[in-house]
Amino acid sequence: MNSEEEFYDAETGLESDDSCEVSFKDALVFDSKQLTDGSAAQENGVWERRKALPAEMISRNNFSVWSILKKCIGMELSKIAMPVVFNEPLSFLQRISEYMEHTQLIYKACGLSDSIERMQVVAAFAVSAVASQWERTGKPFNPLLGETYELVREDEGYRLISEQVSHHPPISAFHAQSLKQEFEFHGSVYPKLKFWGKSVEAEPKGTMTLELLKHKETYTWTNPMCCVHNIILGKLWIEQYGTVEIINHSTGDKCVLNFKPCGMFGKELHKVEGHIQDKNKKKRQVIYGKWTECIYGVDPKVYDTYRKTGGDSKKLKEEHSCESEQEDDMAEVQETVTVIPGSALLWRITPRPAHSAQMYNFTSFALTLNELEPGMERLLAPTDCRLRPDIRAMENGDIDTASTEKERLEEKQRAARRERSQDEEEWSTRWFQLGTNPHTGAEDWLYTGGYFDRNYTDCPNIY
């Protein structure tokens with residue numbers, strides 16, 4: 001098997017008609033108390049999502065990533081076969097669905113009458129969508145070609161469908177929609193990963209598109225770069241950096257957010273600062289905070305006065321430089337956000353469960369993503385990643401079965417690709433088609449509809 005085959009076996013790394021839909025309401029009819037293995041018990045006729053995984057995180061202490069990566073400096077990491085122990089028990093498609101954790105911000109934006117106020121809340125949503133990556137150092141499983149993931153949250157008023165639409169390059173497409181036709185949120189992601197000796201850098205290529213249907217507004221943006229430090233030596237830690245531009249294509253308003261890199265002594269670690277400007281380029285609002293904590297908005301004049309009067313003169317204690325030769329040290333001093341008087345809180349991160357560190361640093365939301373809810377299996381598409389045996393085995397703490405199943409699935413995918421090549425057949429996506437984003441003019445994968453009609457007779461057998 002050549003290197004290209006190895007790569008395309010597994011790439012590293014949210015609309016439809018209601019008339020024929022089978023609802024989850026009839027299936028979700030149990031209330032539960034948490035069992036010791038993380039599963040849900042049934043009680044009093046009501047069902048509750050789980051609060052833990054069936055097994056704790058598998059230890060990586062006896063595995064050396066250096067033996068795998070030492071020849072790969074500067075290479076795209078998705079071309080490297082990694083042991084399953086370095087994964088977390090979620091598919092990249094499920095990781096994408098974590099954008100929806102703070103959907104309440106979208107609803108808040110829908111209810112605001114002022115476009116600048118809406119942009120402010122949309123900016124907070126864009127930051128919140130990447131907040132779950134904090135301390136998540138495990139790699140999600142690479143989606144198989146044709147793999148899907150659905151997330152139906154009637155309690156939150158939305159549903160999402162995602163599909164792995166391409167191997168060459170690896171692309172994941174998603175489409176989420178409010179059940180009451182209030183918003184649509186969609187995009188496609190092409191994660192490019194590179195190893196730089198002490199760190200792994202992830203470039204999340206792809207555009208996010210949010211449509212607020214009541215206001216007939218469309219917002220687009222791309223996510224920041226993400227870097228995992230100390231891959232070889234020291235404690236793993238994550239930073240996100242780069243400029244994120246959120247454009248309101250209906251009004252011409254723009255929000256420019258600067259995700260700041262760590263810098264010397266860790267002074268800028270996790271900080272986000274930016275501003276909102278109207279179509280005349282007049283600065284209307286300042287945004288600031290940390291993507292790991294909270295985001296605030298304040299009037300530009302108030303912000304400038306605060307800066308000029310030395311309100312931000314407090315200096316961080318000097319720690320080791322982020323450019324240490326031995327390891328990329330994250331400054332131990334973790335200053336909370338200094339709130340400028342007159343600021344409005346836009347978003348605050350949801351606290352993680354007390355046992356999160358033993359559960360791959362998952363959020364409470366992430367803990368539920370691979371759960372098979374009562375009655376769900378009969379409704380799911382056969383390509384849904386909840387049905388992947390390798391991810392299920394890892395979630396259950398069975399690393400040997402997870403590794404064996406991962407290899408089997410990859411070999412099955414290789415064989416299917418060879419067969420298509422011999423028959424001169426092209427792969428056909430099921431729920432998305434390559435087209436043009438009408439708002440950006442760029443190439444994008446667009447949802448074609450029909451998934452929630454629950455007709456899966458044409459779905460491929462990938463597991």
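Among the 79 residues of the largest nonpolar core, F183, F185, L210, W221, I246 and L257 touch the most other members. A nonpolar core is here a set of buried Ala, Val, Leu, Ile, Met, Phe, Trp, Tyr and Cys residues joined through side-chain atoms within 4.5 Å; buried denotes under 20% relative accessible area, exposed over 50%, and partly exposed the range in between, with a 1.4 Å probe and protein chains only. Helix α5 supplies the largest share of this core, nine residues. Another core, of 15 residues, lies apart from it and includes I171, F432, W445 and Y451. In soluble globular proteins, nonpolar side chains tend to be buried together.

The structure is a predicted model, in which local features need pLDDT of at least 70 and side-chain atom pairs count only at pLDDT 80 or more, whereas totals for chains, interfaces and linings use all residues. Residues are numbered from 1 along each chain as its sequence is written, and side-chain values use heavy atoms, with hydrogens and water left out.

The chain contains nine helices and 18 strands, taken as DSSP runs (helices H or I, at least four residues; strands E, at least two) and numbered from the N terminus. Of its 463 residues, 54% are buried. The accessible surface of the chain is about 20,800 Å², and carbon and sulfur atoms account for 48% of this area, as computed by the Shrake-Rupley method with a 1.4 Å probe.

Helix α5 comprises residues 115-128, and 13 of its 14 residues are buried. The end C-alpha atoms of α5 are 20 Å apart, which agrees with the 20 Å that its 14 residues should span at 1.5 Å a residue; the expected span is 1.5 Å times one less than the number of residues. Where α5 starts, a side-chain oxygen of D114 comes to within 3.1 Å of the backbone nitrogen of I116.

Strand β15, residues 294-298, is likewise mostly covered, with five of its five residues buried. From β15, C294, Y296 and V298 point one way, while I295 and G297 point the other way. In a regular strand the side chains alternate between the two faces of the sheet. Strand β15 pairs in the antiparallel sense with β14 (residues 283-290) over five bridges, pairing being assigned if DSSP finds at least two bridges between two strands. A hairpin of three residues joins β14 to β15, and I295 is the bridge partner of G289. Strand β15 also pairs with β16 (residues 344-348), in the antiparallel sense and over four bridges; here L345 of β16 is the bridge partner of Y296.

Definitions and conventions. Polar contact = N/O pair within 3.5 Å; in protein donor to acceptor, adjacent residues only side chain to side chain.
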